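Hi,

Here is the structure I promised to pass on. Have a look at it first, and my notes on what turned up follow below.

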Amino acid sequence: MTRLLDLCSLIRSKNAGPFWLTFDFMARDTDSYRTLRDSGALNAELFAELYGADPAQVLVVNHDRAEAVKVSFPRPVRQGDLADSDSYGGQQYAPLVDLLVGSETPPVVLRE
Amino acid sequence: MEIRILAPTGALGAGFRTESLERGVAMRPHVIACDAGSTDSGPAYLGGGEPKLSREAVARDLRHLLKARDTLGVPLIIGSCGTSGCDSGVDWVAEIAREIAAAERLSFSLALIYADQEPADLVRRYREGRIRPLDGAPEIDEETLRASHVVAMMGVEPIQQALREGAQVVLAGRASDTALYAALPHMLGADPGLTWHAAKTIECGAACAIPPSADGLFVHLREDHFDVEPLDPASRLTSHSVAAHTLYENANPFLIAEPSGTLDTTEAAYTALDERRVRVAGSTYRPSDTYTNKLEGSRLVGYQTIVIGGIRDRVVIEQLPELLPKAKEYFRAKIKDVFGGRVDPDDVDIDYRLYGRDAVLGPHDPARDEPVHELGILITVTAPTQHLAHAISTFVAHASSHLPVPEYDGLASTIAYPFSPPETDRGPVFRFTLHHVAVPESPHELFRTVHENVRDSDDEVTA
């Protein structure tokens, strides 16, 4: 089974301003990018489940020239608030590294 | 037409190789521009007005840039001075610039552009419907605007005005990063789409180079394309790395908003010229019907004291889900008791973060129930005054290290504290309050410009 890190040379999360969180999934090569893009594994429901995002507000962009998938949504907690644990948003990607990606599996397989 | 832009580093004070700057100077840029701020480090900088980077680091970079500007006789534009771009940040960088001018015997005409917003003006605009929320904005009211330190983010126009009025060095308050690099090319009639895209590409310095570094990039902007290259000969750009940079810290990599419109990179083509340089063409710019300036605000939340410890006993770890809520209830009663009812427990925030369980990702962490043999614990106490936060933290730290574990008869120590005293006062705590835009009458309305002649002391006759 392919994991997200097998397909990506860089997985990162970051603030896009204090009120948005954004994730970049840079594919290793063109084949990896197509596999990732076409799998639909990075979808709104996944980010709703993992981060409590509102699925209607999750923006998924496939960037063919950069061979990258980008996902952005409003931060569940604004940056630097008392309840914020990750001021730069830099470690939020962590549970995605081992995400299983494959056309033959359902896209969301993180939790029972 | 060819306009050359030198971007020495991603942030004034982050550093760059002097050899790289020399290479850039040798290519005869029309302008040197550098960003000096960001909201990325959190609400404390705008809230408290303090810069993130040290005076020494900022002075080091600024000294090299002022000398390079003097050699070339071209404008130096620095934006978002002092991290948040607040007025005191502009004054701080200006003071450093004057000291450098005196020490290095440099003379220049200086423009300071201020971006702080008066609460009364903001309230008036709010009542007029000229402050509008962006996607994901929090709810605000007039009290939010009165209690926040607010800056507006300028576009190219106030910078261009300062240049037209003769400024050789522009120190701007909060500014769109890209506006710093785009201001002069726009004045010289460059293609708007290519200009904004070039500006976006270089605004983080060599962040999109391979390897990424605190160093600079150089742009040759022409009629129908721009070429970009790293200043460090050991560093390189690829069509992929330049295309991918549109993703960085942006919600949408194809549509990038500026005060006067939107950069659209959907049709942009990226071509490698050689091992190190990339040519970009095809970006477009769509002017918007309404000119807007983004607003950023930060307000005081309270004062914080923190306590750091560790828990190693598996029995204590297993009992924490029961013990911590009980401890919080106990603290509410204790606050009422100790302060004789003068402090409302609702005004005090006491929080436990368990590193090793779910401190980083929170309740959605898929691994939060996995077994651990050791937990890091961070206790935060936030209260209306530092005195109060500290006073409460002393009994919170004490009681937390003697939690009543049901399995144990008698007093056990439940947290290992590495420090004496365990409490550390952290000072004021702030929160971001605005994700909004103002709709001004003109691109200049929210900003104030002050001109000044900086002369080295032996040159005062001409002052």
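**How the domains of chain B touch**

Four residues of domain 1 of chain B are in contact with six residues of domain 2 of chain B, where contact means that the C-beta atoms of two residues, placed from the backbone, lie within 7 Å. Domain 1 is made of 3-115 + 153-292 + 439-454, and domain 2 covers 299-432; the bounds come from an automatic or database domain assignment. The domain 1 side of that contact has two nonpolar, two polar and no charged residues. For these classes, Ala, Val, Leu, Ile, Met, Phe, Trp, Tyr, Cys and Pro count as nonpolar, Asp, Glu, Lys and Arg as charged, and the others, Gly among them, as polar. The C-alpha centres of the two domains of chain B lie 44 Å apart.

Before you go further: this is a predicted model, so local features need pLDDT of at least 70 and side-chain atom pairs count only at pLDDT 80 or more, while totals for chains, interfaces and linings use all residues. Residues are numbered from 1 along each chain as its sequence is written, and chains are lettered from A and ligands numbered from 1 in the order in which they are written.

**Chain A against chain B**

The contact between the chains takes 37 residues from chain A and 33 residues from chain B. On the chain B side, α10 (239-245), β17 (349-355) and β19 (423-432) each supply at least two residues. The biggest giver there is α10(B), with three residues. Helices (H or I, at least four residues) and strands (E, at least two) are DSSP runs, numbered from the N terminus. Sorted by class, the side of chain B that touches chain A has 16 nonpolar, ten polar and seven charged residues.

**Chain A on its own**

Chain A has three helices and six strands, in the order β-α-β-β-α-α-β-β-β along the sequence. Its C-alpha trace spans about 40 × 35 × 20 Å along the principal axes. Does the radius of gyration agree or disagree with that of a compact globule? It agrees: with 112 residues such a globule would come to near 13 Å, and chain A has 14 Å. That radius is taken over C-alpha atoms, and the globule rule is 2.2 Å times the number of residues to the power 0.38.

Of the 112 residues of chain A, 41% count as buried. A residue is buried if 20 or more other C-beta atoms (placed from the backbone) lie within 10 Å of its own, exposed if 12 or fewer, and partly exposed in between. Among contacts in chain A between residues at least 6 apart in sequence, 61% join residues at least 24 apart.

Strand β3 (residues 20-27) of chain A is worth a click, with eight of its eight residues buried. A:W20, A:T22, A:D24 and A:M26 point one way, and A:L21, A:F23, A:F25 and A:A27 point the other way. β3(A) runs antiparallel to β2(A) (residues 8-15), with seven bridges joining them, and A:S13 stands opposite A:F23. Pairing here needs at least two DSSP bridges between two strands. The hairpin of β2(A) and β3(A) has four residues between the strands, and A:G17 in it takes a positive phi near 80 degrees. β3(A) also pairs with β5(A) in the antiparallel sense, over seven bridges, with A:V69 as the bridge partner of A:F25.

Most residues other than glycine have a negative phi, and most peptide bonds are trans. Here are the exceptions I would look at:

- A:E67, not a glycine, has a positive phi of about 50 degrees. A:E67 sits in the loop between β4 (59-63) and β5 (68-74) of chain A and is buried, with 24 C-beta neighbours inside 10 Å.
- B:R28 has a positive phi near 55 degrees. B:R28 lies in the loop between α1 (18-26) and β2 (31-37) of chain B and is exposed, with 10 other C-beta atoms within 10 Å.
- B:I210 and B:P211 are joined by a cis peptide bond, omega about -5 degrees; B:P211 is in the loop between α9 (192-202) and β9 (217-222) of chain B.
- B:S420 and B:P421 are also joined by a cis peptide bond, omega about -5 degrees; B:P421 is in the loop between α12 (386-400) and β19 of chain B.

Cheers
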